[in-house]
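This report examines selected local features of a protein model.

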Amino acid sequence: MASSTDNSSSKVVFPIAFKRATGDSIISTAADEKGTILIVTNKFLNITHDYGKTWVSRSLPSSGMYAVRYLKGKFYLSTMHVDQQYSVIRIYVSSNGGDEWTKMNLEAKSGGPITIGNLQYLKGSYILLGKQMLNERTPVFTSTDGITWTQAGSIPFGIEFLTWNGIRYTAYGAGYQLSPQDKGQKLARNQFKLKNGNWAELIVFTSNDLREWTMQSGAVKKGFFYDSMYVNNKPIPIYYYEEEQPVANGTIILFDSYGNTLKSTNGITFTMSSRPDLFPTNDYRSPMYKVGKQYMIFTQYWYASGVMRLNVLTSTDKVNWKTTKLSRNTDNMFVSQAGNMLLGIADTRVLLSSNGIDWKVVR
């Protein structure tokens with residue numbers, strides 16, 4: 001099945017509520033490389049086209065929570081949750097920075113309401129991972145223009161993101177924390193020992209064409225204790241990791257919350273290494289960003305109850321790192337990249353930086 005924009009209606013323009021930014025809690029944010037930032041709150045869509053110098057706030061098309069995403073010149077606004085069998089899903093796409101929107105519909109082969117789980121651009125194609133209610137599979141859609149989508153296949157698990165290493169696609173769905181009942185049990189593919197004494201196991205699927213998928217690791221096994229809640233007699237993955245940086249020279253690099261990196265050159269088998277000296281007080285760390293000639297990683301540490309402070313680690317070679325404590329206006333901040341700028345989200349505030357050290361509040 002294919003999905004497309006709704007050609008029966010004209011462009012949708014959400015009405016202006018305020019000619020300024022609102023100060024309410026932030027739900028989702030996205031930014032392009034040219035100064036446009038979109039901030040979704042409970043009721044409003046805050047938009048700036050000049051890196052926060054001026055804002056306009058528009059009313060959202062309905063009640064409920066929305067997520068906003070950006071990918072290669074287009075912003076996507078979509079219902080976040082599919083919590084009922086007959087959920088009304090709203091998806092919009094904009095090619096002009098959120099000033100005008102076009103309705104977009106997704107249709108999965110399995111039927112039922114579906115929303116956007118993730119968006120990526122790999123191997124010259126837009127790729128959309130769908131999200132459905134009570135569906136343990138992840139429908140995979142492809143598009144040449146980011147507007148009209150066709151379902152290519154379906155991954156038999158809840159998947160967060162994909163990579164392409166020049167040979168195959170690899171799909172990741174978090175992982176398990178477990179320990180063997182037999183103390184003589186040997187580590188299997190993509191199982192690693194963690195500092196807390198548990199083992200971690202990555203949930204990994206691979207495909208050559210996005211249609212047929214092979215599970216490489218992560219099958220639930222007998223003879224293990226799973227440190228997890230169970231739903232329908234199945235453990236819930238609680239071992240989380242992210243892509244550290246874009247795939248380069250066929251090498252995939254991931255990182256977890258324990259200060260470990262996970263590398264693979266074939267997209268199937270990963271090895272784990274640790275740099276505890278690099279993140280001694282890390283609670284959360286960002287992916288690795290590059291601005292100019294500097295690589296940057298942002299780490300959080302608890303300063304007081306409800307207060308997370310930030311350090312920035314900078315390097316020119318990704319080997320030798322310098323740690324700098326950031327100012328108080330970055331407390332509780334999470335960082336992403338928008339072109340040559342860094343975007344910080346801290347509670348209700350939006351901050352921008354060109355060097356990772358000096359931050360300016362723009363909302």
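The side chain of Gln151 reaches the backbone nitrogen of Lys109 at 2.8 Å. A polar atom of the Gln151 side chain also lies 3.1 Å from the backbone oxygen of Gly153. Polar contacts here are pairs of N or O atoms within 3.5 Å; within protein, one atom must be able to donate a hydrogen and the other to accept it, and residues adjacent in sequence count only if both atoms are side-chain atoms.

Gln151 belongs to strand E14 (residues 149-155). Strands (E, at least two residues) are DSSP runs, numbered from the N terminus. Gln151 counts as buried because its relative accessibility is 8%, the limit being under 20% relative accessible area (1.4 Å probe, protein chains only).

## Basis of the model

The model is predicted: local features need pLDDT of at least 70, side-chain atom pairs count only at pLDDT 80 or more, and totals for chains, interfaces and linings use all residues. Residues are numbered from 1 along each chain as its sequence is written, and side-chain values use heavy atoms, with hydrogens and water left out.

## An open antiparallel sheet

Four strands form an open sheet in the order E32-E33-E34-E35, with antiparallel pairing. E32 and strand E35 (360-361) stand at the edges; each has a single partner strand, so one side of each is left without a neighbour in the sheet. Two strands pair if DSSP finds at least two bridges between them.

Strand E33 (residues 341-346) and strand E34 (residues 349-353) run antiparallel and are joined by 5 bridges. Ile345 stands opposite Val350 in E34.

## The enclosed cavity

The structure holds 1 cavity of 30 Å³ or more, and the largest cavity contains about 40 Å³ of space. A cavity is a set of points, on a 1 Å grid over the protein atoms alone, where a 1.4 Å probe fits but cannot get out; lining residues have an atom within 4 Å of a point.

Among the residues lining the largest cavity are Tyr284, Phe298, Gln300, Leu310 and Phe334. Strand E29 (294-304) and strand E32 (333-338) are the elements that give two or more residues to this lining. By class, the lining has 6 nonpolar, 3 polar and no charged residues, where Ala, Val, Leu, Ile, Met, Phe, Trp, Tyr, Cys and Pro count as nonpolar, Asp, Glu, Lys and Arg as charged, and the others, Gly among them, as polar.

How values were computed:
1 Å grid on protein atoms, 1.4 Å probe; cavity = no way out; pocket = protein on both sides within 12 Å on 5 of 7 lines; lining within 4 Å. Points joined across faces, edges and corners; volume = space filled by probe spheres on them. Buried < 20%, exposed > 50% of the residue type's maximum accessible area, 1.4 Å probe, protein only.
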